[in-house]
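Here is a short tour of a protein chain for someone who likes to know how each value was computed. Please keep the viewer open as you read.

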Amino acid sequence: MDTRTDARRSPGPARLLPALVMAWILVGACSSESSSPGSSPLPLHPVAEIDLPENNSCFDYASLAPSGDCCSLPTSAPARSSKSTSAPGRSSERSRTCPRHGVLVVPERRRVYVTATADNRLVILDEDTAAVIGQAPTGNYPDGIAYHPKRGTVWTTNESGGSEPVVDATTAQVRGTVDLGGDVGNIAYAPVANQILVAVQGKGDLAAIAPETLDVARRLPTPGCLGLGFGFGPSARLAFVACADNATLLTIDLAIWQTAGTTAVGEQPDVLAYNQGEQRLYVAAENGIVSVYDQRDRHLTDVGSGHLADGAHVVVDPSIGHTYYPDRAGTDGHPALLEQAPSP
């Protein structure tokens, strides 16, 4: 189900949007797939299609800045240059630039943290001016990124380096490094457990790191799962892990540290977004399939799925329940941000 042709095309947000900060990278050919057999149609309808600049590379991370006034887009060309661009945002037509790749907005600090993969460093930007206000060295190929609000630290995954550098969010000083013993995937802060979770692809497990001691507190084997995206249901103490290699979604019970369920999703699931208010999980796969699930009583129920846009990833605005998907080729073949709302 491709809803792009019904969206309103606009050169900027159709209303006052929260700032969305996204990184895009060329991830290879993006195929087109239909929804999973037996699944209901994708329960979304288009609200707007917002023009984005630059080329038609596939997008990667996205981050929501509820109080921001600008939408910046770190980019990476096919040759992985450090070229950057930006898009006009919320109530401003100003353009901003910043380094590209993994990106995370921390609204309470008014900072944007970016993993500059080609340079093996973490870059700290001022959210208002996009000025570089700090940098920190990382290990080899920094990718995923997470923020621990209680400790005031930023964590990045050195994908091929197999480690987790821990950086002071204010001073950019490296506080320590956690060796995980194998190639690592994405990373996330689990507030209900006060732990940092990371997919250790080289060992085929999910590791929980104690932020106070930087020790690996425990590991959960995840056979066949090359973990990428993370999502959390805080009230239910659940974590959701997308497995790229076998198109599977794992539901992890954080209370007992066990896998509570497995669900088939689109090919190469990558980015997850959880709306706590609606208890709804969105899973975006590299093949363009978006799957939607409702979480009730610690169980996921399939609401529907369908093809939205090749390589489209997802971020959710919980205040209004809308989701946003950067599309490398919108209605007219140019990059666009698709705004979708839940269908009645």
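The chain has 29 strands and zero helices; both kinds of element are DSSP runs numbered from the N terminus, with helices (H or I) needing at least four residues and strands (E) at least two. This is a predicted model, in which local features need pLDDT of at least 70 and side-chain atom pairs count only at pLDDT 80 or more, while totals for chains, interfaces and linings use all residues. Residues are numbered from 1 along each chain as its sequence is written, and side-chain values use heavy atoms, with hydrogens and water left out.

**The chain as a whole**

Of the 344 residues in the chain, 58% are buried. Here buried means under 20% relative accessible area, exposed means over 50%, and partly exposed covers what lies in between (1.4 Å probe, protein chains only). The accessible surface comes to about 12800 Å², and carbon and sulfur atoms hold 49% of that; the areas come from the Shrake-Rupley method with a 1.4 Å probe, and for residues only the protein chains shown count as cover. Among contacts with a separation of 6 or more, 50% are between residues 24 or more positions apart, where a contact means heavy atoms within 4.5 Å.

**The largest pocket**

Rolling a probe the size of a water molecule over the atoms shows where empty space is left. The largest pocket holds about 1200 Å³ of space. On a 1 Å grid over the protein atoms alone, a pocket is an open set of points with protein on both sides within 12 Å along at least five of seven lines, and lining residues have an atom within 4 Å of a point. Grid points are joined across faces, edges and corners, and the volume is the space filled by probe spheres set on the points.

The lining of this pocket has 36 residues, and those nearest its centre are Ser63, Leu104, Phe230, Phe232 and Leu272. Strands S4 (59–65), S7 (102–106), S11 (142–148), S15 (187–190), S19 (227–233), S23 (269–275) and S27 (315–317) each supply at least two lining residues. Which strand gives the largest share of the lining? That is S23, with six residues. By type, the lining divides into 28 nonpolar, six polar and two charged residues; Ala, Val, Leu, Ile, Met, Phe, Trp, Tyr, Cys and Pro count as nonpolar, Asp, Glu, Lys and Arg as charged, and the others, Gly among them, as polar.

**The disulfide**

A search of the whole structure finds one disulfide, defined as a pair of cysteine sulfur atoms within 2.5 Å. Cysteine 225 and cysteine 243 form the link, with an S to S distance of 2.0 Å. The link is left-handed, with -90° about the S-S bond. Cysteine 225 sits in the loop between strand S18 (215–221) and S19, whereas cysteine 243 belongs to strand S20 (residues 238–243), so the pair ties together parts that are 18 residues apart in sequence. Both cysteine 225 and cysteine 243 are buried.

**Two loop residues with positive phi**

Glutamine 268 is not a glycine, yet has a positive phi of about 55°. This glutamine 268 lies in the loop between strand S22 (258–264) and S23 and is partly exposed, at 41% relative accessible area. Arginine 298, likewise a residue other than glycine, has a positive phi near 65°. Its place is the loop between strand S25 (289–296) and strand S26 (299–307), and arginine 298 is partly exposed at 35% relative accessibility.

Alanine 341 lies in strand S29 (residues 336–342), threonine 262 in strand S22 and alanine 210 in strand S17 (residues 205–210). Which of them are buried and which exposed? At 6% relative accessible area alanine 341 is buried, alanine 210 counts as buried at 16%, and threonine 262 counts as exposed at 57%.

The table pairs each with a residue elsewhere in the sequence.

| Pair | Apart in sequence | C-alpha to C-alpha |
|---|---|---|
| Alanine 341 and proline 43 | 298 residues | 8.6 Å |
| Threonine 262 and threonine 248 | 14 residues | 6.5 Å |
| Alanine 210 and asparagine 194 | 16 residues | 7.7 Å |

Leaving aside residues up to four places away in sequence, alanine 341 touches Pro43, Leu44, His45, Val47 and His322.

Notes: 1 Å grid on protein atoms, 1.4 Å probe; cavity = no way out; pocket = protein on both sides within 12 Å on 5 of 7 lines; lining within 4 Å.
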